[in-house]
Amino acid sequence: MIPIGGKVLHNTMDEEEALQAVRIMRPKLVIPCHYNLPGFFSKNYNPADDKMFKNEVEKMVDGSR
């Protein structure tokens, strides 16, 4: 599991930092977490582009085969 929503609160990695971590760790499975969480006074905490992250991780896996 890798956190991907650190653009606003900076309490986790943003998508680009998380992709770098995936490149370094080369895990067999990647599960993004801690993103697009509903908040009390805002639309959401830790907004992230989960579709872009998924596509980029899949490119890494496809490229390594």
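**Exercise 1. How many helices and strands does the chain have?**

Solution. Before counting, note that this is a predicted model: local features need pLDDT of at least 70, side-chain atom pairs count only at pLDDT 80 or more, and totals for chains, interfaces and linings use all residues. Residues are numbered from 1 along each chain as its sequence is written, and side-chain values use heavy atoms, with hydrogens and water left out.

Step 1: Helices (H or I, at least four residues) and strands (E, at least two) are DSSP runs, numbered from the N terminus. Step 2: The count gives 2 helices and 2 strands. Step 3: Along the sequence they are arranged as β-α-β-α.

**Exercise 2. Find the residues that make up the largest nonpolar core.**

Solution. Step 1: Buried means under 20% relative accessible area, exposed over 50%, and partly exposed in between (1.4 Å probe, protein chains only). Step 2: A nonpolar core joins buried Ala, Val, Leu, Ile, Met, Phe, Trp, Tyr and Cys residues through side-chain atoms within 4.5 Å. Step 3: Here the largest one has 9 residues: Ile2, Ile4, Ala18, Leu19, Ala21, Val22, Ala48, Phe53 and Val57. Step 4: Helix H1 (15-25) and H2 each give two or more residues to this core, and H1 supplies its largest share, 4 residues.

**Exercise 3. Where is the place of aspartate 49?**

Solution. Step 1: Aspartate 49 lies in the loop between strand E2 (32-33) and helix H2 (50-63). Step 2: With a relative accessible area of 38%, aspartate 49 is partly exposed. Step 3: The side chain of aspartate 49 reaches the backbone nitrogen of methionine 52 at 3.1 Å.

Conventions. Polar contact = N/O pair within 3.5 Å; in protein donor to acceptor, adjacent residues only side chain to side chain.
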